[in-house]
Structure formats: structure tokens, C-alpha cells
Amino acid sequence: MGDVAGSSAGKTKTVRDMVLSMAVIGAVVAVIYIFIPHDESATPVKSVDYTVELSTASRAASYPVLAPKGLDKDWKATSVRYRGADDEHWHLGFHGPDGKYVAVEQTTGKPGPFIADKSQDAKDTGKTERIGGKDWKRYEGDEYDALVLQEDGATTVVTGSGSLARLTEVAGSLRPAPADKA
């Protein structure tokens with residue numbers, strides 16, 4: 001019977017040691033988690049090169065395709081596409097220095113539905129902003145604000161979650177891409 005009692009005491013000691021070890025490991029992990037900086041929300045923004053798509057769009061479109069020139073290096077292009085069959089729709093999206101989204105959208109399609117879609121139903125304020133010698137209409141919405149210009153048979157919308165100052169900065173930097181039409 002002495003062996004049975006010793007065996008039970010050995011198991012209790014082993015369980016107690018395991019619990020103490022787990023507590024020490026847990027405390028070390030907690031200290032590391034608390035004191036070592038980490039940012040779960042910081043996902044690196046992936047930039048895209050839009051030069052090929054811009055060249056293609058400028059050759060194919062019936063209007064001057066616009067793209068920013070001279071924006072600060074903190075602006076990162078994140079999305080680009082041109083759909084000639086889709087009302088000659090040009091899209092160029094940016095992640096701004098403040099982390100907000102700003103896009104340049106152009107089309108030869110119907111302005112009303114295009115503006116509503118790209119600005120997420122922002123409403124015309126009746127105000128204009130003089131940018132680069134042109135009058136852009138101001139739109140404001142719950143999600144996105146927008147600046148809208150209609151000229152050369154196309155509607156251009158600079159839209160996104162960025163502030164009016166950021167939208168104005170992008171709109172002011174827009175220049176026609178060289179049309180290397182063959």
C-alpha cells in the first residue's frame with residue numbers, strides 16, 4: 001500500500017509542477033504582448049504601376065485620359081483599369097498620405113448614373129471649385145465626396161473618402177496622358 005500512496009503523491013507533484021510551468025509561460029507571453037509594439041491594423045499598401053494601362057487607355061479612348069502628374073511620393077496607386085467596351089471607363093485609385101482613398105474615374109457614358117455610382121450617391125452641392133483653371137462641381141455624400149468635370153465628351157470624377165483638400169490636390173495634378181495613337 002505504501003507504493004500506491006507514493007504514486008499518488010508523485011502525480012500530484014507532477015500536475016502542480018505543470019500548472020506552475022504554464023503560469024510562468026503565460027506570464028512571459030503576457031509581458032511580451034504588452035511591452036513589444038504591434039499594430040494588427042497596419043497592412044502594407046501594395047502599389048501598382050499604371051504606366052502600361054495609361055498608355056493603352058490613352059491610345060484607345062476617344063477623350064483625353066487624365067492621370068496625376070507631380071503628386072508627392074506618399075500617394076500610392078493601388079488600382080487601375082481601362083474598359084473600352086464599358087463606356088470607355090478609366091479608373092485609377094490611390095491610397096493617400098493620410099490613409100484615405102481617392103480615385104480618378106472617367107467615362108463617355110451617361111453622366112448621372114456614372115457620378116452616382118462612383119461617388120456612392122454623393123449629392124451635387126451646387127458649389128464649384130476652381131481647380132487648374134476649370135470649374136469642378138462639388139458633390140458631398142455620407143461615404144465619399146467628389147469633384148466632377150465634364151469636358152471633351154467625357155465625365156471626370158475625382159472621388160473617395162479623402163478630404164476636399166485631398167480631392168482638390170489630385171484634381172489639380174491631372175494632366176492628359178500622351179495619346180500615342182498608331
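Author: Gladly. Let us begin with Lys134, which is found in strand 6; helices (H or I, at least four residues) and strands (E, at least two) are DSSP runs, numbered from the N terminus. This is a predicted model, where local features need pLDDT of at least 70 and side-chain atom pairs count only at pLDDT 80 or more, while totals for chains, interfaces and linings use all residues. Residues are numbered from 1 along each chain as its sequence is written, and side-chain values use heavy atoms, with hydrogens and water left out.

Reader: Is Lys134 buried, exposed or partly exposed?

Author: The general idea is a scale of accessible area: buried means under 20% relative accessible area, exposed over 50%, and partly exposed in between (1.4 Å probe, protein chains only). Lys134 counts as partly exposed because its relative accessibility is 32%.

Reader: And which residues does Lys134 touch?

Author: Contact here means heavy atoms within 4.5 Å. Setting aside residues up to four places away in sequence, Lys134 touches Glu129, Leu149 and Glu151. With Glu151 there is also a side-chain polar contact of 2.7 Å. A polar contact is a pair of N or O atoms within 3.5 Å; within protein, one must be able to donate a hydrogen and the other to accept it, and residues adjacent in sequence count only if both atoms are side-chain atoms. As for Ala171, 37 residues from Lys134 along the chain, the two C-alpha atoms are 10.0 Å apart.

Reader: How do I read the pairing of strand 6 with strand 5?

Author: Two strands pair if DSSP finds at least two bridges between them. Strand 5 and strand 6 run antiparallel and are joined by six bridges; for example, Glu129 has Trp136 in strand 6 as its bridge partner. Their hairpin has two residues between the strands, and Gly132 takes a positive phi near 60° there.

Reader: What does strand 6 do with strand 7?

Author: These two strands pair in the antiparallel sense as well, over three bridges, and Lys137 has Val148 in strand 7 as a bridge partner. Four residues lie between the strands of this hairpin.

Reader: What comes after helix 3?

Author: Ser119 sits in the loop between helix 3 and strand 5, and counts as buried because its relative accessibility is 0%. A polar atom of the Ser119 side chain lies 2.7 Å from the backbone oxygen of Ile115. Beyond neighbours within four places in sequence, Ser119 is in contact with Tyr144, Ala146 and Thr159. Also just after helix 3, Gln120 takes a positive phi of about 55°.

Reader: Which residues of helix 2 are buried?

Author: Leu54, Ala57 and Ser58 are the buried ones. Their arc around the axis is only 100°, which puts them on the same side of helix 2. Strand 1, strand 2 and strand 3 are among what covers them.

Reader: How is the largest nonpolar core built?

Author: A nonpolar core is a set of buried Ala, Val, Leu, Ile, Met, Phe, Trp, Tyr and Cys residues joined through side-chain atoms within 4.5 Å. The largest one has 28 residues, and Tyr50, Trp90, Leu92, Trp136 and Val158 touch the most other members. Elements that give two or more residues to this core include helix 2, strand 3 and helix 4. Apart from it lies another core of seven residues, including Phe114 and Val148.

Reader: Finally, how confident is the prediction?

Author: The guide is pLDDT, the predictor's confidence in each residue, from 0 to 100. The chain averages 88, and 88% of the residues score at least 70. Among the elements, helix 1 has the lowest mean pLDDT (73) and strand 4 the highest (98).

Methods: The arc is that of the directions from the helix axis to the C-beta atoms.
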